[in-house]
Amino acid sequence: MKNVLFSLISLFFLTNYAICQVKKTQDTAVIEAPSIRAVEDGKVADGEIFTTIDVMPQFPGGDQARMKFLSTNLRYPEAAVEKEIEGTVVVQFVVTRTGEIDRINIKRSPSPVLSEEAIRVVKKMPKWIPGENKGKKVDCYFSLPITFKLQ
């Protein structure tokens, strides 16, 4: 039981670390962390979407490949440059059991213009390596912070 609880807490902080950072740096922002759902006896109902699982979904090639993809494909919107808008957009989406990205949702953003660009780039991503729970591929929420900073 202790190992399961520790794993759930560890996965929660690993997948939601950026959300916690945004909350700390932006005093007026209130961000609710996704609820933790434990899985009992490895039973997975069709259509269930998990927030924590045994093996979280991964971008093909890992975190470095994901960062390279974002830096290559992300374009700073001209309207945001003109208004000097900076900040972190937190995008939440579902990585399906087939690796597709689905149900893209903005959890936090300093501007709708930055939100649109973040959504555009996430839609452009290749298939991910799906997450697994109890040895089965499952649909899982994933939160991705994308930081826009003017130089």
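## Polar contacts of Asp139

A polar contact is a pair of N or O atoms within 3.5 Å, of which, within protein, one must be able to donate a hydrogen and the other to accept it. In this predicted model, a polar atom of the Asp139 side chain lies 2.7 Å from the backbone nitrogen of Arg97. Asp139 belongs to strand β5, which covers residues 136-148.

Asp139 has a relative accessible area of 13%, so it counts as buried, the limit being under 20%. Neighbours within four places in sequence aside, Asp139 is in contact with Glu48, Ile49, Phe50, Val94, Val95, Thr96 and Arg97.

## Overall layout

The protein has 4 helices and 5 strands. Along the sequence these elements follow the pattern α-β-α-α-β-β-α-β-β.

The protein has 151 residues, and 40% of them count as buried. Among contacts with a separation of 6 or more, 74% are between residues 24 or more positions apart.

## Aromatic pairs

A pair of aromatic rings is described by the distance of the centres and the angle of the planes. The count for this model comes to 6 aromatic pairs. One of them is formed by Phe93 and Trp128, with 5.4 Å from centre to centre and 75° between the planes, an edge-to-face arrangement. Phe93 lies in strand β2 (residues 87-95) and Trp128 in the loop between α4 (112-124) and β4 (131-133), so this pair ties together parts that are 35 residues apart in sequence. Both residues are buried: Phe93 has a relative accessibility of 0%, and Trp128 has a relative accessible area of 3%.

Phe93 also pairs with Phe142. Their ring centres are 5.8 Å apart and their planes are at 35°, so this pair is tilted. It links strand β2, which holds Phe93, to strand β5, which holds Phe142, across 49 residues. Phe142 counts as buried at 10% relative accessibility. Ring pairs join Phe59, Phe69, Phe93, Trp128 and Phe142 into a cluster.

## Helix α4

Helix α4 has 13 residues and spans 19 Å from its first C-alpha to its last, close to the 18 Å expected at 1.5 Å a residue. At the start of α4, a side-chain oxygen of Ser111 comes within 3.2 Å of the backbone nitrogen of Val113.

An α-helix has 3.6 residues a turn, so residues three or four places apart point the same way. In α4 the buried residues are Leu114, Ser115, Glu117, Ala118, Val121 and Val122. Viewed down the axis of α4, these residues fall within an arc of 165°, so they line one face of the helix. Pro112, Glu116 and Lys123 are exposed on the other side of α4. The packing partners of the buried residues of α4 are α2 (62-73), α3 (78-82), β2, β3 (101-108) and β5.

Asn73 is located in helix α2. With a relative accessibility of 15%, Asn73 counts as buried. Residues up to four places away in sequence aside, Asn73 touches Glu117, Arg120, Val121 and Lys124.

The side chains of Asn73 and Lys124 are joined by a polar contact of 3.1 Å. Asn73 and Arg120 are 47 residues apart in sequence, and their C-alpha atoms are 9.4 Å apart in space.

In soluble globular proteins, nonpolar side chains tend to be buried together. The largest nonpolar core here has 19 residues, of which Leu70, Val91, Phe93, Met125, Trp128, Leu144 and Ile146 touch the most other members. Elements giving two or more residues to this core are α2, β2, α4 and β5. Leu70 touches Val121, Met125, Leu144 and Ile146, leaving out residues up to four places away in sequence.

Key
Residues numbered from 1 in each chain as written. Predicted model: local features only at pLDDT ≥ 70, side-chain atom pairs only at ≥ 80, totals over all residues. Heavy atoms only, no water. Buried < 20%, exposed > 50% of the residue type's maximum accessible area, 1.4 Å probe, protein only. Contact = heavy atoms within 4.5 Å. Phe/Tyr/Trp six-rings, centres within 6.5 Å; stacked < 30°, edge-to-face > 60°. Expected span 1.5 Å × (residues − 1). Arc of directions from axis to C-beta. Core = buried A, V, L, I, M, F, W, Y, C linked by side-chain atoms within 4.5 Å.
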